[in-house]
Amino acid sequence: MDQDKPRHWIAVALQLGATGGLAALLISLVGMVEEFAKRFIIVDVLEMGQALLLLILIATGYMTSRRLADRPPRIRLLAAVVSGLVPAVMLFALVLLIEPLNMRSIFPNASPTLIEILTFGQRGAIAFAMMAVAGAAQAAAGGAVPLVSPRWRAPIVQGVVWVGLLGLLQDILRVTLTNIPGATFVLSWMFGGGSGKGLSILGAVVIFALVGYATFRRQGRPAAAASWRSRLDARTARLVNIGIWVAAAVGLYLLPKLLGPYLSEVTNSVGIFVLMGLGLNIVVGFAGLLDLGYVAFYAIGAYVVGVLTTTAVGDQAGQIVWGPAMSFWLALMAAVLVSVMAGIILGVPVLNMRGDYLAIVTLGFGEIIRIMAGSDFLKPFTGGSQGIVQVGVGRIGGLVAFDKPQTIFYVVVAACAAAGFISWRLRDSRMGRTWKALREDEDVAQAMGIHLVSTKLLAFATGAAFAGLAGALFASKIGSIYPHSFKLLVSINVLSLIIVGGMGSLPGVFIGALALVGLPELLREFSEYRLLMYGALLIVMMLNRPEGLMPEATRRRELRETDGPEAEAPPEGVANPGEVAASG
Amino acid sequence: MLRRLMERFTLTDIFMWVVGGSIVTLVVVGSYATLSQGTYTARHWFDFLVFGLAQGSVYALIALGYTLVYGILRMINFAHSEVFMSGAYIGFFVITAMSGSGFLDENPLVALLAVFLVAMITSVTIAVLLERIAYRPLRRSPRLVPLITAIGASFFLQEAFRTLFGSASKGYPDVPALQGTWTLQGEFIIQKIQVLVIVAGALMMFFLYMFVMRTKTGKAMRAVSEDKDVAALMGIDVDAIIVRTFVIGAALAGAAGVLYSLMFRLINAYIGFIPGIKAFTAAVLGGIGNIPGAMLGGLFLGIFESVGPILFLDGLGVAAPYQLKDVIAFTMLVLVLIFRPTGILGERLATAKA
Amino acid sequence: MTTSVLTARKVTKRFGGLVAVDQLDLEIADKAIHAVIGPNGSGKTTLFNCITGFYRPEGGEILFREHHLESLSSDRITRLGIARTYQNIRLFANLTALENILVGEHPHLKAGMFSAVFHLPATVREEEEALVEARRLLGYVGLGGKGDLLAKNLAYGDMRRLEIGRALASRPAMLLLDEPTAGMNPQETREMTAFIRRLRDDLGITILLIEHQMRVVMGISEKVTVLDYGQKIAEGTPSEIQNDPTVIEAYLGRGSASAVLREAASPARQPL
C-alpha cells in the first residue's frame, strides 16, 4: 500500500495533471499532433491532432475525478479543472521555449506548425488564456463523467466514441457506401464538403443522437435478444439456424465486391493474422508453451510455396536454381506438411525447457530460419536477400484465378473457417483439456497420465500447420517473398493480438486481429506512429485488462445445466478399481 | 538391462544426441579445415579475439541487467535493450555538444566521464520509470502479463526515441584521445577504443561483484532474489531493493551504451534490439540469475560470435560466413540448454516438483 | 495373509548432501488404510514423490503389483493404478471443477485429435459418458452443482474434495492422500475421515495417507509407519505407535517420552 493517509486534492490534481502534461508534450514532440492535424474528424471543426489532445485532457480530468471519488462533487470538478490547467501551462512553456532554446535541432518536430496548432493560432497572453480555458474545460468535461448518473453516462460515452470511430474510419464508409447502390445520398449529408474530408456537423450530431438513444434504450432490457431465440420450437429454430448460415454465406460472397480491392486486401491481411493467431492460440493459449519464434513456421510455409511454384527458375540474377513450378494447391499441401514436420523438429529440443528458456530458444529458432533464408549460403535455393519472385497463384481449371484481393479473400476466409472449426472442436475435446492441463501445471498433468512429449509436440505441430498455411497464402497474395517479411516482429504481433483479444479465446483472436492488424492498416496517418501506439496499447491493456477484450471465461456464462443433487452413491465407473487398462 | 536403458533414454533423447553430435562434428571438421588451410594468420585470430572480447564486454554489461532483474523478479525485462539504447542516445547529444565546443579535445577524460554520467542517469531514469509504471503493478500477475508489458514498453521506447529525435541515424564524433592503436610484440595491433571497452567493462564488472557480495544492499539483493517474502519478514524493504536492482542494471547498461557507441559510432533508436537479445542469450547461457554467469556468458558469446563464423564455417566452404554469426550464437545456446539445462555456471534458482 | 499391493525396499532419495529418505522399507497391504506420520521434514512427501514418479530414488526399489516403479515416469505410474493428492493443493486453477475431473479421467479415455475434430460417433459417446461419470464423481465428493465453478474460486474444503475427486477419476487401485485434512476444522475433519473410510469400504481402494492430526490417524488407519529423518523408526497399529517411546521422542524431543507416557497412563486420560 502506498498511501494510507488521504492526500490533499490539489496534490492529486497536480500530480495527474503533470502526467497528462507529459503525455501531451510527448505526442506534440513526436509529431503526432502535427501529422494528425491533416485529417478531420468533423470537417472544419475538429481535426485529429486536436482530438488527440482533447482525449488526453479529458482522460486527465476523468482520472482526477475518479481518484478523488470520496470527495464532494464540487471538489472533484475543481480538481479536474486544476488538473487540466497543468498541461496547458506545460504546453505553453513548450511553445515559449522552442525558439530561444533552438529545440528544433534536437526535436525535429518542434516546428512552427506545431506552435500554430497548440496556440490556436494566437500569440502571447491571448494564446495562454485560450489554452488555459481549453485545458480546464476539457478536463472538467472528463471530470464530470464519473459524476453523471450511469444511465446517462453510457449513452454519452458511446455516442462520442462512435462519432470518433466513424470519423476516423470515414474512408471505409465512403468506399463501402459508394459500392452499395442507392446509398450515395447518405454520403452527401453525412460527410461534409468543407475544406477536407470528414463528418459533417450534421452527420456527427445524427450519429451521436442515434447511438446515444440506442444505448439508452438497451439499458432497460438486457436479455431481450437472447431469449427470443430460445423460445422457438425445435423445427423453427433449425430453420432459423439454416437461414442464418445461408445469409452469412451470401454476405461473405458479396463482401469483397462491396469492399473493393483496397479493403479486401486489408481484410486478407487480417485474415492471415487470424489464421496465425488461431495457431499460436493453441500453442500459447491452450498449451501454455511460450513460442516467440512462431514466425519460423510462417516463413517455412511461404518459402515452400515460393520455391515450389515460382516460375523464376534458372541461373540469372534473382532466380533460384531449382523450382518445379507446380500447382499452387499442391504446393499449399506441401507447405502445411513441411511446417508440421518443422513444428515437430523444432519442438523436440525444447521439450524439457521451462517458460523463459523456451521463449528465448524459440526466438532463436525464428531468427535462425530468417537468417538462413536470406543468407548467401542458401541463396541458390531461397533467393537470398532478393527473395523469390513470381510466386504462383491458385487456379481452378482455366476459369477461376485467385490473383486479386477480392478473389484471394475467399481462400483466406475458407482457411480461417477451417482453422477456426478445428480449434473449436479441439478446445472442447479431450485433447483441448489435456493442453490446458499442461498449461496449468505440467507436473501434475503428467501425474494425470498425460504423455508430455506427444502432447507438446502435437501442440507445436498444429500451431505450425496453421502458420504454414498462413505463410503459403501470404506468399501467393504478395507474389514475392523476402526474408525481411519474417522478422521477430511478426511473432510479437501474433502474440500480442491473442493476448489483447484474450488468451485461449477464439473470438478473441478475431477481435485482436481486427484491432492490431486491421485498424493500423486502415488508418494510414497512423503508420508512422503505429508501433508507438502499439507499444502503449500493450502496456495499457496489460495494466488494466490483462484477460483481454474477450476472455475465455465469458463463454462460461452460458451455463450448462447445473448438476442435480447427486446421491452420494459411488460413481459407476469405479466399481472395479485396479482394472485400469495398464496400456500406458 | 537393455529395457532399463531404453526406459531411461527416450527416443527424443536419442534424437537430440544425434543432432548435437552432428553439430559438434561439423564444428570440429570445419575448424580443422580452416586452420589447416592457413588463410588466417595469428594476427587475424588475435584481431577476432580482441574484437570478440570488446563486444563481449558490452554484452556482459547488458546481460548483468537482465540477470539481476530476473533473479529478483523472475521476469525477462524485455525493455532493458531500450534502457541500453537510451543511454547511448542521450550520450550522443552530450558528446556532440562537447565535441563542437572543443571541450572533448582539451579534456577528454573529464568530457568522457561526463558523457558516461549523463548516459547512466538517462538509462537509470528510464529503468526506474519502467519499474514504477509498468512492472510494479503487475508483480503478482501470471508470468505472461509482465512479459507482454515489457515487450510493449520496448516498442514504445524505441519508437518514442525515433519519433522524438528523428529517424536519421546519428554518428558519435571522433574522440582524438581514443584514435589510433597500440602494437604488441611488434605484430598484434589493438585499437585504443577496444582497450577502453575491455578495461572499463572489466572494472565495472569487478565493482558490481564486490558490491553484490560485500555490501549490505548487495546482501539484501541476494536475499530478495532467494525468497521475496522471507526477506520482507527479515525487515528488508523489498520495493526499495527492487528499485535499486533496476538502477544498478540500468547504470551498467547505460555505460555499455556509451562504450558501444564509441566503438561502432553509428546509433539509432534500434541499436538496442540485437545486442539486447544477444545479452539475454548470454545471461541464459551463463545461468540466469547467476551474476558471474552473466559476465562469463557475455564474454564467451562475444568471442564465440567473432571467432566462430570464420573458424567453423570458412573451412566448410560456406559463403559469407559472417552473415550466419547469429545462427552460430543461437545454435550454441540451444545446445548448451539441451545438454546443460541450467546454463554453464548453473542457475541460482531451483524449482522443485511437488 | 493379505497380499501387499505396494512394497518398497531400501528406498533412498538424496538431494545433494541431504538424505531425505534413507533405506526405507514399506509394505502396504491390499485394501488397507495405512498412515505415514512423522515430524516435519521426515521425508513423507518425498516418499510419496518417489512412489508416484516425481522423483527418481537413488537406491532401492518400489514394487506395485509386480511392476517396478523406480524408473517409470509419473504418467505411466498413474496408468498402472496409483493416484494422489497434494499437500498444498495443486488443482488446475483456471479450469472448472468438472474439467479438472475430466482431465483426471484421461487414462481411460481414448479420443485423439482426429476423432475430436470430426466428432466420430465413438468419440462423441465417450465424451458423453465421461461427462456423466465426472458429474457423478462430483456428487460423490460432495460438490454436486459446483461443476462450472473455476477451481480457483472454490472454497478451501471444496478444493480438497475436488482433488480427491480428480484422483478418483483415473479409477485407481491405490490412492495416496497427502495431508487431506490440513487446514480443516474439527467438523470438516470428521467428515473427511468418514469419507476416506468410505472410499476404501465402497470402492475397495487401498489408501496411503500422510497425516499430522493424530485423531485422524488413530481414527481410521489400520497400520501406521513413523518416519524421522528419512528413516522408519516405528511401525504398527495406532495404539502400539501411540505408546512407543521412540515415536514420542521424535515428535517432542529426548526425555519427553517418560513424561508423556505417565500422563497418558493417568486415569483421567484413559481412551474410551
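Author: A definition first: two residues are in contact if their C-beta atoms, placed from the backbone, lie within 7 Å. Helices (H or I, at least four residues) and strands (E, at least two) are DSSP runs, numbered from the N terminus. This is a predicted model, in which local features need pLDDT of at least 70 and side-chain atom pairs count only at pLDDT 80 or more, while totals for chains, interfaces and linings use all residues. Residues are numbered from 1 along each chain as its sequence is written, and chains are lettered from A and ligands numbered from 1 in the order in which they are written.

Reader: OK. How many helices and strands are there in chain A?
Author: Chain A has 23 helices and four strands. Its C-alpha trace spans about 80 × 80 × 55 Å along the principal axes.

Reader: And what percentage of chain A is buried?
Author: Of the 584 residues in chain A, 47% are buried. A residue is buried if 20 or more other C-beta atoms lie within 10 Å of its own, exposed if 12 or fewer, and partly exposed in between. As for contacts in chain A with a separation of 6 or more, 76% are between residues 24 or more positions apart.

Reader: Let's take one residue. Where is A:Val509?
Author: A:Val509 sits in helix α22 (residues 506–522) of chain A.

Reader: Why does A:Val509 count as buried?
Author: Because A:Val509 has 33 C-beta neighbours inside 10 Å.

Reader: What does A:Val509 touch?
Author: Leaving out residues up to four places away in sequence, A:Val509 touches A:Val274, A:Gly277, A:Leu278, A:Asn281, A:Ile498 and A:Gly501. A:Ile498 is 11 residues from A:Val509 in sequence, and their C-alpha atoms are 5.1 Å apart.

Reader: Different topic. At what angle do α23(A) and α7(B) cross?
Author: Helix α23 (residues 530–544) of chain A and α7(B) cross at roughly 150 degrees, and their axes come within 7 Å. Axes are lines fitted to C-alpha atoms, for helices over the stretch in contact, and angles run from 0 to 180 degrees between N-to-C directions. That angle makes α23(A) roughly antiparallel to α7(B). The cut-offs are under 35 degrees for roughly parallel, over 145 for roughly antiparallel, 65 to 115 for roughly perpendicular, and oblique for the rest.

Reader: Is the crossing of α23(A) and α7(B) left-handed or right-handed?
Author: The crossing of α23(A) and α7(B) is left-handed. A crossing is left-handed if the near helix is turned anticlockwise from the far one by less than a right angle, and right-handed if clockwise.

Reader: Which residues of α23(A) and α7(B) meet?
Author: From α23(A), the residues include A:Leu531, A:Tyr534, A:Leu538 and A:Met542, and from α7(B) they include B:Ile148, B:Phe155, B:Phe156 and B:Glu159. By class, this contact of α23(A) with α7(B) has 14 nonpolar, four polar and one charged residues. Here Ala, Val, Leu, Ile, Met, Phe, Trp, Tyr, Cys and Pro count as nonpolar, Asp, Glu, Lys and Arg as charged, and the others, Gly among them, as polar.

Reader: How many residues of α7(B) are buried?
Author: In α7(B), 20 of the 22 residues are buried, so this helix is largely enclosed by the rest of the structure. Just after α7(B), B:Gly166 has a positive phi of about 95 degrees.

Reader: What about α6(B) and α11(B), at what angle do they pack?
Author: Helix α6 (residues 108–135) and helix α11 (residues 238–264), both of chain B, pack at about 140 degrees with their axes 7 Å apart. They are therefore oblique to each other. α6(B) passes α11(B) in a right-handed crossing. The contact of α6(B) with α11(B) has 17 nonpolar, five polar and one charged residues.

Reader: And how far apart are the axes of α12(B) and α14(B)?
Author: The axes of helix α12 (residues 273–286) and helix α14 (residues 325–339) of chain B are 10 Å apart, at an angle of about 25 degrees. α12(B) and α14(B) are therefore roughly parallel. Their crossing is left-handed. B:Lys278, B:Thr281, B:Val284 and B:Leu285 in α12(B) meet B:Ala329, B:Leu333 and B:Val336 in α14(B).

Reader: Last one, chain C. Where is C:Arg65?
Author: C:Arg65 is in the loop between β4 (59–64) and β5 (67–68) of chain C. Phi of C:Arg65 is near 50 degrees, a positive value in a residue other than glycine. C:Tyr229 has a positive phi too, near 55 degrees, and lies in the loop between β9 (223–228) and β10 (231–236) of chain C.
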